[in-house]
Amino acid sequence: MKHRPVLLDETIRWLNPQPGQRFCDMTVGGGGHTRALLQAVGTAGCVFGIDRDGELLRETTQELRNEGYGEERFQAVAGNFGDIDVLLGAARLGEFDGFVADLGAASPHLDRPERGFSFREPGPLDMRFDRSGGPTLKEALQALDEASVRRAIWEYGEDRFASRIARAIVEARDAGRLTDTQALADVIRGAYPARARHASRIDPATRAFQALRIVVNAELESVERGLRAVLDGMKAGSRLVVISFHSLEDRIVKRLFRAASEGVQNLYGHRSAAPARELFRRPVTPGEMEIAGNPRARSAKLRALEKLADGKIDVSRV
Ligand SMILES: C[S@@+](CC[C@H](N)C(=O)[O-])C[C@H]1O[C@@H](n2cnc3c(N)ncnc32)[C@H](O)[C@@H]1O
């Protein structure tokens, strides 16, 4: 059974799609948000999709075609949304009535051990969204020293046992014991003190796996670049909804949205009109029912912004 997309009703509510409008789904994944947008914009509207995972994007596109969405209603390009201005051409960003980015990994990544994201079943040490290029997890781990592994697990995984985990990973790597994701997960679990391991509500490998995924895919850099490009290129009246799953991602979204929602003060103290407005200040989070049905939703945070004037936004100062 397909997972229900995270914060779907809230995404649609804040994007407010109308018949005939055009939307860009920057993270198509399994197509959940795309489908809801396609239904809302009707036969006169369309959705343009992006995903870094070309294999998954092809699968989802085929499913959408089978469901009757032809090229006039759904088109897609595989690529990193960090390069959205290049992928689409900067001028085309102004053609959309709204953008959605639902960050992180998709269910098929986590559910298919051969993709190397799963700590529950053995798979290759890969973790790339885009398997057509770039270093795999195995190659990244070969290149990193213990201090870098520790920093990644501490900063991106916020795991208080980062030092112990990093030491254990590097020792296992040097001894040739990191054969697959299962072996890596066991090394991480083993690095936890026994009491903490038993007391942990989540699998002790969860945070370190998330951290390594962020490193392999350079995820935070893409979020920063992609959102800046969209904020610049969006037309007046269009909206941007971002769903993040990590505090550092949310911090980037919050910082850029705040900056875009403030006018710029000139030398004489005059403040220009704000080029955008945040639709609400505190992020929207899933309710208990959604989390019970989909535990992956538990850390989701949704923020939404509306552009008020055409043209570039000066967020360079943040
Ligand atoms: C949480 S899933 C999206 C799920 C989707 N909204 C749905 O309803 O099925 C995130 C997707 O974003 C893709 N992704 C992650 N980082 C990306 C990036 N920088 N550029 C483009 N796609 C990215 C992943 O490959 C994954 O398919």
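1. Asparagine 16 sits in the loop between H1 and strand E1 (22–25). Helices here are DSSP runs of H or I with at least four residues, strands are E runs of at least two, and both are numbered from the N terminus. Phi of asparagine 16 is near 55°, a positive value in a residue other than glycine. Most residues other than glycine have a negative phi. Asparagine 16 is partly exposed, at 40% relative accessible area. The classes are buried under 20%, exposed over 50% and partly exposed in between, with a 1.4 Å probe and protein chains only.

2. On provenance: this is a predicted model, where local features need pLDDT of at least 70, side-chain atom pairs count only at pLDDT 80 or more, and totals for chains, interfaces and linings use all residues. Residues are numbered from 1 along each chain as its sequence is written, and side-chain values use heavy atoms, leaving out hydrogens and water.

3. Methionine 127 also deserves a look. Its phi is positive, about 70°, although methionine 127 is not a glycine. The residue lies in the loop between helix H5 (107–111) and helix H6 (137–143). Methionine 127 is buried, at 1% relative accessibility.

4. Threonine 11 belongs to helix H1 (residues 8–15). It is buried, with a relative accessible area of 1%. What does threonine 11 contact, leaving aside its neighbours within four places in sequence? The partners are Val6, His33, Val100, Val241, Ile243 and Leu302. Contact means heavy atoms within 4.5 Å.

5. Helix H12 (residues 219–233) and helix H13 (residues 247–260) have axes that come within 10 Å and cross at roughly 20°. H12 is therefore roughly parallel to H13. The cut-off for roughly parallel is an angle under 35 degrees. Axes are lines fitted to C-alpha atoms, for helices over the stretch in contact, and angles run from 0 to 180 degrees between N-to-C directions. The crossing is right-handed, that is, the near helix is turned clockwise from the far one by less than a right angle.

6. Residues in the H12–H13 contact include Leu220, Val223 and Leu227 of H12, and Leu248, Ile252 and Leu256 of H13. The contact divides into nine nonpolar, no polar and five charged residues. Nonpolar covers Ala, Val, Leu, Ile, Met, Phe, Trp, Tyr, Cys and Pro; charged covers Asp, Glu, Lys and Arg; the others, Gly among them, are polar.

7. The domain assignment gives domain 1 (8–108 + 219–307) and domain 2 (131–216). Such bounds come from an automatic or database assignment. The C-alpha centres of the two domains lie 30 Å apart. Each side gives ten residues to the contact.

Methods
Angles under 35 degrees count as roughly parallel, over 145 as roughly antiparallel, 65 to 115 as roughly perpendicular and the rest as oblique.
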